[in-house]
Every structure is written in C-alpha cells, then in structure tokens.
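This report covers one predicted protein model. The structure comes first, and the notes follow.

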Amino acid sequence: MATSPRQPASVGEVVEHGLCIGCGLCEALGPDRWKMTMTEEGRLRPAPLSDENPAADAAILAACPGVTAEATADGPEHDEVWGRYAHMGEAWADDPEIRFRAATGGVLTALGMHLLKSGKARFILHCAADPAHPVRSRWVMSETPEEVALRAGSRYGPSDTLAGLEAALTRNEPFAIIAKPCDAGAVRARAKADPRLDDLLVAVLVMVCGGASDLGKSWLLLDELGVTEDDVTLFRYRGFGNPGRARVETRDGRAYERTYDELWGDEAGWRIQTRCKLCPDAIGEAADIAAADIWPGAQPEGEDAGFNGVITRTSTGQRLMQAAVEAGDLVRGKDHTPRDYDHFQPHQVSKKRAMAARLRGLSRAGWPVYAHKGLRLDALDAGDEAEEQGAHDRALSGRFSEKLPRP
Ligand SMILES: Cc1cc2nc3c(=O)[nH]c(=O)nc-3n(C[C@H](O)[C@H](O)[C@H](O)COP(=O)(O)OP(=O)(O)OC[C@H]3O[C@@H](n4cnc5c(N)ncnc54)[C@H](O)[C@@H]3O)c2cc1C
Ligand code: SF4
Ligand code: SF4
C-alpha cells in the first residue's frame with residue numbers, strides 16, 4: 001500500500017532517522033540550542049544544549065538537508081540525470097603548484113583564489129584540517145589566496161562548513177562558499193529566509209560527491225598504522241598528485257602513505273553516512289559550479305597532472321569560470337556532454353535512478369523523508385523493487401537509526 005511521505009518534524013527526528021549529514025547549520029542558526037559534536041562513530045551531529053523546541057528550530061528545519069532538497073540551477077541546458085547547466089568541460093588550475101597540491105586539478109581552489117584576487121569576494125567560507133586534530137576538519141574563513149591554496153584538497157570525513165555561516169554573514173562583506181552539494185542546497189534554502197545571502201554570497205562552489213565517510217574510516221587507518229589520533233600532525237586524504245596518496249605524519253617523525261586504491265579499493269569499508277546513501281543531489285544542482293573527477297568508470301588509471309570536470313550551473317557560475325580563464329587562473333580543456341558524465345560517474349547515475357524507490361521503502365517503513373523539488377527523482381525512477389525493499393528493511397532493522405548525541 002502506498003504511504004504518503006512525511007518530513008521530519010524536529011532536529012532530533014532528522015538525526016535519529018539518519019537524515020543528518022552534519023552540515024553545521026543547526027549550530028549557526030541556534031548556537032544556544034545546538035552544538036556540533038563528534039559522535040563515537042565519528043559523525044558530526046548537533047547535540048542539544050537545551051530541551052528540544054521544534055518551534056524555535058523552524059528556521060533550521062526549513063533549510064536542513066534532512067528535511068528538504070531542491071535544485072536551483074537555472075542554466076540553459078538540461079539533462080534528465082545531470083540537471084540544468086550552462087557548460088560541461090575539462091579545466092585545471094593554471095598554477096602548477098596549485099594543480100599539484102589540490103585534490104584533482106585545483107579548479108575549486110583556483111576559483112576561490114580568483115574571487116579574492118579580483119576583489120569579488122573578501123573571504124571564502126570552506127573547510128580544512130583542524131590544526132589541533134588534523135584527522136578532523138573544521139570550518140574556516142580564508143582571507144587570502146595563499147590561505148585558500150594551503151587548504152586545498154578533499155577531506156573525505158565529516159565537515160560542518162555551515163556552522164560558520166552566521167559568522168560569515170555577520171562580517172557583512174562579499175564572500176563565497178566552497179562546500180558539499182548538500183551544503184549548497186541548505187544555503188539556497190536558507191536564502192529564502194535570509195536576504196543577506198542574496199546580497200553577500202557571490203558564489204557557491206561544490207565538489208561532485210560520492211559520499212562522506214564517518215571519521216571511523218580514518219580511525220581504522222590509524223589503527224592499522226599503530227598511530228593514535230593525538231600523535232598525528234598531518235592527515236591528508238589525497239592531493240599532491242592526482243589522485244595522490246593519503247599521507248599521515250606523526251609528532252615523532254614517522255610518515256605513512258597509502259595509494260588511493262589501497263584506501264578506497266574495498267567499497268565495503270567506506271563507512272559512508274546514511275544521508276549520503278539517501279542523497280537526492282550529490283552533483284551540485286544548487287551550486288553555481290560543480291567540480292568533479294573525470295576518471296573512466298570513476299577509477300583512477302594511475303597518477304596524472306590533474307584534470308577536473310567542471311559543470312557550470314548558473315549564469316553566475318558561467319561568468320566566474322570565464323573571468324577566471326581570462327585572468328589566467330584557470331585553463332580550459334575539451335568540452336564534455338552529459339553522456340561523458342555517465343561514463344565518469346556511473347555511481348551518480350544509478351543513485352539518481354534508485355532514489356525514488358529508496359524513499360518509497362522508507363515511507364513504507366513509517367520513516368520520515370526529505371521533501372524534494374526539481375531533482376527529477378520520480379521521472380528517473382527505475383522502479384527497482386529490491387532497492388525499495390532494501391531501504392524498507394534497513395530502516396526497520398535499525399541500520400539507519402542514530403542517537404542524538406549529548407554535548
Ligand atoms: C567527501 C567527498 C566525496 C567525493 N566524491 C567524489 C565522487 O564521487 N566523484 C567525483 O568526481 N568527485 C568526488 N569528490 C570530489 C573530488 O575529490 C574533488 O574535490 C573535486 O574533483 C574538486 O577537485 P579540486 O582539485 O578542484 O579541489 P581543490 O582545489 O583541492 O579544493 C577542494 C575544496 O573543497 C573543500 N573541501 C574539501 N573537502 C571537503 C568536505 N568534506 N566538505 C566540504 N568542503 C570540502 C576544501 O576546503 C577546498 O576548498 C569528492 C570529494 C569529497 C570531499
Ligand atoms: S543536516 Fe545540518 S541542519 Fe540538518 S540536523 Fe544535521 S546539522 Fe542540523
Ligand atoms: S553524498 Fe550527498 S549528503 Fe553525502 S556528503 Fe555528498 S552531497 Fe552531502
């Protein structure tokens with residue numbers, strides 16, 4: 001029997017049903033009610049500082065990625081899987097040092113640096129390794145191109161960039177955000193209630209995202225190396241090459257490396273968070289620009305110089321990309337089509353096609369789900385009964401359940 005979907009009615013319900021990705025918006029909008037906290041499993045989740053009050057949290061719930069997801073891209077081209085866009089093509093940072101340090105080809109870093117150098121933005125809100133606990137990530141505001149460059153690279157664990165959103169807005173200066181696609185969705189939803197975002201936020205840049213592991217994935221690597229988290233002075237997931245190696249350095253001078261394949265070869269050990277398995281938009285449909293890897297079949301074929309696939313999704317994104325190329329900050333390569341992206345990111349295609357069935361399975365289990373708009377989940381529905389039953393059974397067996405942490 002079909003069951004109408006219902007949305008979570010409180011932050012607690014979002015977290016307890018595995019719909020929280022730990023974006024940090026709770027702490028930004030309700031700092032006296034929520035504190036982002038690392039759970040025992042290695043997930044960033046909001047811990048309540050007072051009794052829950054859904055009415056007081058209405059602004060959070062209106063933008064939370066566990067409650068709502070919407071495509072806002074308005075580019076002139078349209079593809080049923082890849083959404084609206086203005087252009088798809090290869091690019092990389094012109095500066096070879098940036099291209100080398102960055103996760104892929106340094107497009108996100110070069111765009112952030114360009115925004116600061118050109119004066120279009122005064123700072124970039126993004127995330128970086130926490131200097132006190134380099135295995136973990138924390139939100140930062142980079143004020144100079146050099147700071148953006150030092151903070152290049154993908155952090156595959158939890159990140160709560162939006163915990164810095166209110167601090168960024170309070171500065172009353174133009175800024176840009178580099179974050180995950182779910183964060184972009186939350187920012188756009190928040191902009192409906194906070195006009196400061198329309199005035200001050202000059203660009204939203206994201207990576208195409210295969211999912212964020214909990215920190216347990218990184219702790220497992222440390223266990224394997226016989227290193228405690230307190231010993232670590234550097235934890236790099238990739239970069240310094242494309243894809244580059246994961247590298248761990250310790251206070252007593254030890255250094256360890258793992259290839260991308262050694263770290264990610266076994267999909268069973270990825271420890272991807274539940275919201276990622278239920279993600280309706282991991283391809284940046286609320287961003288101005290999304291940057292991706294463009295390996296055939298999503299598998300690196302070895303080390304290369306770093307080539308991003310870039311999807312410009314709005315006129316703002318298209319103008320920014322053009323300006324960065326004209327200023328000599330970015331180099332553009334060949335054009336791509338949505339069918340090239342099917343080849344680069346087959347997991348994103350199957351995810352889009354599976355999502356309606358997963359959400360149906362959850363609703364059938366009495367689970368709350370997010371509302372979605374413009375993401376074409378129903379049109380792309382492959383009607384996979386195994387996906388529906390799988391999501392239903394996982395929900396009922398408690399595999400998607402989480403506890404609200406205590407601060
Ligand atoms: C969790 C995760 C999963 C990914 N999965 C895929 C995938 O399936 N397919 C694919 O094509 N690409 C994926 N990527 C993206 C890829 O690793 C590169 O980030 C992307 O190609 C951009 O490369 P770049 O060289 O332009 O980035 P860089 O120039 O190195 O810039 C990266 C920027 O992203 C920010 N950042 C890094 N990690 C995070 C994070 N966890 N949360 C928020 N902001 C962050 C940094 O602050 C930095 O500003 C993933 C990235 C992450 C973080
Ligand atoms: S996804 Fe973000 S806004 Fe929603 S509950 Fe988690 S931290 Fe809060
Ligand atoms: S897969 Fe989706 S929910 Fe998970 S981190 Fe990426 S964009 Fe966010």
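Thr274 is buried, at 9% relative accessible area (buried means under 20%, exposed over 50%, partly exposed in between, with a 1.4 Å probe and protein chains only). Thr274 sits in helix α12, residues 274-277 (helices are DSSP runs of H or I with at least four residues, strands are E runs of at least two, numbered from the N terminus). Outside four places in sequence, Thr274 contacts Gly18, Arg399, Phe400 and Glu402 (contact means heavy atoms within 4.5 Å). Its C-alpha atom lies 9.4 Å from that of Ala212, 62 residues away along the chain.

## Basis of the model

This is a predicted model, in which local features need pLDDT of at least 70, side-chain atom pairs count only at pLDDT 80 or more, and totals for chains, interfaces and linings use all residues. Residues are numbered from 1 along each chain as its sequence is written, chains are lettered from A and ligands numbered from 1 in the order in which they are written, and side-chain values use heavy atoms, with hydrogens and water left out.

## Two domains

The chain splits into domain 1 (11-71 + 353-397) and domain 2 (77-213 + 270-346); these bounds come from an automatic or database domain assignment. Their centres, taken over C-alpha atoms, are 23 Å apart.

Ile21, Cys23 and Arg376 supply 22% of what domain 1 buries against domain 2, more than any other three residues. Two salt bridges cross this interface (a side-chain nitrogen of Lys or Arg within 4 Å of a carboxyl oxygen of Asp or Glu).

## Nonpolar cores

The largest nonpolar core has 72 residues (a core is a set of buried Ala, Val, Leu, Ile, Met, Phe, Trp, Tyr and Cys residues joined through side-chain atoms within 4.5 Å). Leu165, Phe175 and Leu362 have the most contacts inside this core. Helix α8 (residues 181-191) gives the most to it, with six residues. Both domain 1 and domain 2 contribute at least three residues each.

Beyond four places in sequence, Phe175 touches residues including Phe123, Leu165, Leu197 and Val202. A separate core of 25 residues includes Ala93, Leu111, Ala203 and Met321. Leu111 also belongs to α5, where it is buried. Helix α5 (residues 107-117) is mostly covered, with 10 of its 11 residues buried. Just after α5, Gly119 takes a positive phi of about 80°.

## Salt bridges

The count of salt bridges comes to 34. Arg33 and Asp57 form one of them, at 2.7 Å from N to O. Arg33 lies in the loop between α2 and β1 and Asp57 in the loop between β2 and α3, so the pair ties together parts 24 residues apart in sequence. Both Arg33 and Asp57 are buried.

Glu402 pairs with Arg45, with the closest N and O atoms 2.7 Å apart. Glu402 is in the segment after α16 (385-397) and Arg45 in strand β2, 357 residues apart. Glu402 is buried at 11% relative accessible area, and Arg45 is buried at 0%. A salt-bridge network links Arg43, Arg45, Asp214, Arg271 and Glu402. Glu402 is also among the contacts of Thr274.

Terms used:
Buried area = accessible area lost by both parts, 1.4 Å probe.
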